[in-house]
Amino acid sequence: MAAQSFKVLRILFFLIIYFLPIFVAGGDIKPIADPPSYVCDPHKWEVRGKNMSDFGYCDKSLPYEVRAKDLVDRLTLAEKVQQMGNNASSIPRLGLPAYNWWSEALHGVSNVGPGTFFTEIVPGATSFPTVIHTTAAFNQSLWNAIGKVVSTEARAMYNLGQGGLTYWSPNINPVRDPRWGRITETSGEDPFVVGVYGANYVRGLQDVEGQEHTADPGSRPLKVSACCKHYAAYDVDNWYEFDRLKFDAQVTEQDMIETFLRPFEMCVKDGDVSSVMCSYNQVNKVPTCADPILLKQTLREEWKLNGYIVSDCDSVEVIHKEQRLDLDCGVTYPNALENSVKQGKANEAEIDTSLQYLYVVLMRLGFFDGSPSFTSLGKDDVCTQDHIELAAEAAREGIVLLNNVDATLPLNPDAFKTLAIIGPLANATKQMLGNYEGLPCQYVSPLSGFSAFGQVIYEQGCPNVKCPNDTLILQATEAAKQADATILVVGTDRTIEEESRDRYDLLLPGLQKDLINQVANASKGPVILVVMSAGGVDISFAKDNNRIKGILWVGHPGQEGGRAIADVVFGKYNPGGRLPLTWYTADYVSKLPMTSMPLRPVEEKGYPGRTYKFFNGSVVYPFAYGLSYTTFNYKVTTPTNVSIPIKLNKNQQCRELELTDTSAQQPCPSVVANDLTCEDKIAFEVEVQNTGDKDGSEVVIVYSKPPEGIVETPFKQVVGFERVFVAAKQSQKVKFELNACKSLNIVDSSGYRILPSGLHKIVLGTSSDQIEVDVSFAR
């Protein structure tokens, strides 16, 4: 959602059902004056002099769908259309209060979106690291725990009249191109990792303890409602003459199924998310918010979405004005919709269906019946010490150690008592929060964090991250000459990469490189480079500079970021994060335009592949790279050779594969995965040994490799991962159980998910250990 949208109060979020983009928001936004009451409060009805039992939508014995229909059937057409936007009007005669659907909770309760705001009662909420940073922890339980804390604080703010119940988060678009400005909001380049993150965070936001899984998922209660966005193939914001409002993403069916849709499928099926937001862009000339296949067939019929579909900000207006479709929209659209129904141009039954989806979600949230288990939450449940400590832990877990020359890190505080803290982000506060941020409980800047470990000399080095001149570099070099060790904190902030700001290069901005080199040359002691960014940066010059002894990537680490960085540098915490993105060399951007959508190489144009799955050129750091202050070994403790014979019935057909050597075609090369029962499991156990002298965490990433010789398959793909803590000189066992169909399938050029026969391989990170899985079909 564009920042300019809410700056000029163009609050027009449009709720979508099936494929008709017919919903428009409108009206001024007014803060909630009093704590919200629930619709079906008997005392409220008694005061109004009405018998609540006469109104079916307040009958708790009825299913939600029946209650929602009863309510919709009581509305006039004029009332219905005023319910179709994010700022839904009140209907006093039915006891229905106004409700604003738009709140955000990307990495903490945010004040972006008018549904939630801060006052002197609740002046801030816990601000966790940005999503790309937290993803680097590769810790599923952490992602879920953050979601639980965020939803607790959201519920507390709702009880105090400062928040909503519907949060349009998380962003689960995979990162296809390193220039994308919204990388900070995402979980990186691997669609499986993105999907696992999304499902865990959504579960943390939505799940009510003890009722996580019910016989009817569509009626299970919700703590708050989450929304997976932006559906789909959205990852160009503003790059040269291309912008997201007009961009037509030319996507193959293979890439659509394999990469762009997979996280959304996991979010719906595994996360049971209650909302999905469609995106601005077109896909193959069809606006996503007007695509019957994406919205009706895929989301509702195939994936069984239990909730509502919402369009991105002003998308309906965009379809008409920017993409030249014959659909009128704007701030007066509710009136136009009413007239359209009266003229027979729109179907009122479609509106009824949409409203029923919306009201069922509100009923699941307790908007109608109350939520007794959450009513006690209040001011004391926001910014608690436990929540702040979780933010610090998330910041520590996501830090990635990129380089450690001569095992210089961690620094010994007894040996390095004077520290030069230098750089445009050395005293970062708000810059650590990223975007879609709220107001944090507090800030711990890097300067403040390092002050706990010694005497500090602070120099900015650059006036800001754009580092337009060298006027402050001399003072920085003088500081480095005086200190026992120098910490350089450089990188990007929202002026370089954020929504509506795609990058044009992969370099540090301005004269930051000059600052680094001059300070490194002048420094009396070791230099530690701390890179605060979302996307990758080509820092090959620093990686090759022997005077720079350590390099850390710290994302944008949230309100506790400075404490986390200092803890890692001085060894209070052993880093275990892994890069969720490939860090390409700077010349990558000259090899292909950002707007080329294929993931696989485009040979006729000389374009390289994208992501670790398809790019085979040189990189600064590969996907999943990360070092530790200790060392780990893996050992597979179960059989390393697995055979999976699958017996087919007469109705299951074999499919040929496109092979580099056609003579190697097997009798039954592959079968469509959906045609199989998919009950075959690959179970194995990995012993992780900490062979060093420091406690630490290791991320065990499991990849699958398809049989050799199949055209255009990924080099490998993530199918599982676990973060495990192992004490020094000790070992821990990690169990994995993979579903053969889900973990070994590939997507062919026609968009079918197929399971190939032949020898598959399960690979454990960079270890030489692997498991061979022989898949065969017979009748």
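Guide: UniProt, in an unreviewed entry, lists residues 698-768 as "domain: Fibronectin type III-like"; such annotations may be inferred rather than shown by experiment, and positions follow the numbering used here, with feature names shortened. The model is predicted: local features need pLDDT of at least 70, side-chain atom pairs count only at pLDDT 80 or more, and totals for chains, interfaces and linings use all residues. Residues are numbered from 1 along each chain as its sequence is written, and side-chain values use heavy atoms, without hydrogens and water.

Visitor: How far apart do the end C-alpha atoms of residues 698-768 lie?

Guide: Helices (H or I, at least four residues) and strands (E, at least two) are DSSP runs, numbered from the N terminus. By these runs, the span is 7% helix and 56% strand. Its end C-alpha atoms lie apart by 16 Å.

Visitor: In which sense do S7 and S9 pair?

Guide: Strands pair if DSSP finds at least two bridges between them. S7, S9 and S10 form, in that order, an open sheet with mixed pairing. Ala249 stands opposite Val283 in S9. Over two bridges, S7 and strand S9 (residues 282-283) pair in a sense that is parallel.

Visitor: Which helix gives the largest share of the lining of the second largest cavity?

Guide: The lining of the second largest cavity includes Leu355, Leu358, Tyr359 and Leu362. It divides into ten nonpolar residues, one polar and no charged. Four residues, the largest share, come from residues 348-364, helix H13.

Notes. 1 Å grid on protein atoms, 1.4 Å probe; cavity = no way out; pocket = protein on both sides within 12 Å on 5 of 7 lines; lining within 4 Å. Nonpolar A, V, L, I, M, F, W, Y, C, P; charged D, E, K, R; others polar.
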